[in-house]
Amino acid sequence: MLGVLAALGNPQQQVSIVHVAGTNGKGSVCAYLSSILTAAGYRTGRYTSPHLVDWTERITVDQVPIEPQVLAELLREGEQAIAQTGISLTQFELVTVAAWLYFARQRVDLAVMEVGLGGRLDATNVVDGPIACAITSIGRDHWQVLGDSLGQIAGEKAGILKPGRPLVVAPLPPEARAVVADRAAQLACPIDWVEPAEPIAPSAESWPHLPWVRSGNLAYPLPLAGTVQRTNAAVAIGLVQQLRAAGWAISNPAIQTGMANARWPGRLQWTTHQGRSLLVDGAHNHDSAQVLRDYVDQQNLGPVTWVMGMLSTKDAAAVLRILLRSGDRLYTVPVPDPQSIAPEALVHLVPEAIALAEGRPFTDLLPALEAALAGDRPVVLCGSLYLLGQFFRISTPTISPALAAKS
């Protein structure tokens, strides 16, 4: 990355950044923070992955995706630099090069950069002095690359830390917390160990339809569903406080407006398909599956019809064990990715102790959705963000106002 970027004039050195790592929650934190910065009047870049529908979603300025032709031109520039240097890059690395070029040329005031995988060796980890870093969570995901223990995974995530630069950290398992704390001490990084935001009564004047929470002395609305968002929001607010300490002017009203305006589709999102409501969520690992299960329980949805597809790189058996209950229906589908688990194989991973009302593989998403929505029980589509992307491409979903308020 450094070799190719040097051939392009080191655009990453022209961009101030906040760097966000973690197993789950990175995207939500980036969505919150970038929305707050935009509301505060700053020209704000945001780089996230993966996308749901279109590659342009990954690179935005003030929440507006990059134009397709601009992205294509930047990718060509990156390919020319690759040819010039003889350095081989992955697809993700090439797109990250395009993001650095775009943010530099757009003269963003700050870019909120989400780590793609791990941290230490990630393509985004090429800036010596981020204004602040964050670690949103640490769980067992991508263990094939990052290590088979939470300590090893934490070491890779902590690879984004830079000497003396502040770090905001969500609650972590003890093994992971010890590794992060040790690395921060080595680099003299001040740590803000945040706690989940506390629910409070909604404001009668501003966004009364949204739940409200408090982090320290800051009260703000929370637009995304699920109790885990109290933690993600607290991390975002912790980063705001670090930016304030560094001289950035971010008012309390800008925080409230930015939080209310934040959008991050595909995460505990109620939507509709063919006139029926359904819940969509990108749960694809142990921790995100637990978040989805907790939400389903909190909503008292009862027996559920799950429409699910997963990648073979994920611990599908663990996800099924967490999500499914006896009496549920499971309709399995392929994910539009070469590493998809075959629907028949996914059904066979259901634990014997779970007595499903029905377990049925489908060859495609649409017939599975039609069969699920023809029933009289709640429908949840989950298992992979790539699967959700396919859904959004073939559907014209809208968030149900009643269900959005309920969530």
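Which residues does Thr332 touch, not counting residues up to four places away in sequence? View 1 answers this. The model is predicted: local features need pLDDT of at least 70, side-chain atom pairs count only at pLDDT 80 or more, and totals for chains, interfaces and linings use all residues. Residues are numbered from 1 along each chain as its sequence is written, and side-chain values use heavy atoms, with hydrogens and water left out.

**View 1. Thr332 and its contacts.** Thr332 sits in strand S15 (residues 329-332). Strands are DSSP runs of E, at least two residues; helices are runs of H or I, at least four; both are numbered from the N terminus. Thr332 touches Met308, Pro343, Leu346, Val347, Arg360, Pro361 and Phe362. A contact means heavy atoms within 4.5 Å. Thr332 is buried, at 0% relative accessibility. Buried means under 20% relative accessible area, exposed over 50%, partly exposed in between (1.4 Å probe, protein chains only).

**View 2. The salt bridge of Lys26 and Glu114.** The closest N and O atoms are 3.9 Å apart. A salt bridge puts a side-chain nitrogen of Lys or Arg within 4 Å of a carboxyl oxygen of Asp or Glu. Lys26 lies in helix H2 and Glu114 in strand S5, so the pair ties together parts 88 residues apart in sequence. Lys26 is buried at 12%, and Glu114 is buried at 4%.

**View 3. The salt bridge of Glu156 and Arg120.** These side chains meet at 3.2 Å, N to O. Glu156 is buried at 16%. Arg120 is partly exposed at 43%.

**View 4. A salt-bridge network.** Arg329, Glu358 and Arg360 are linked by salt bridges. Glu358 and Arg360 meet at 3.8 Å, N to O.
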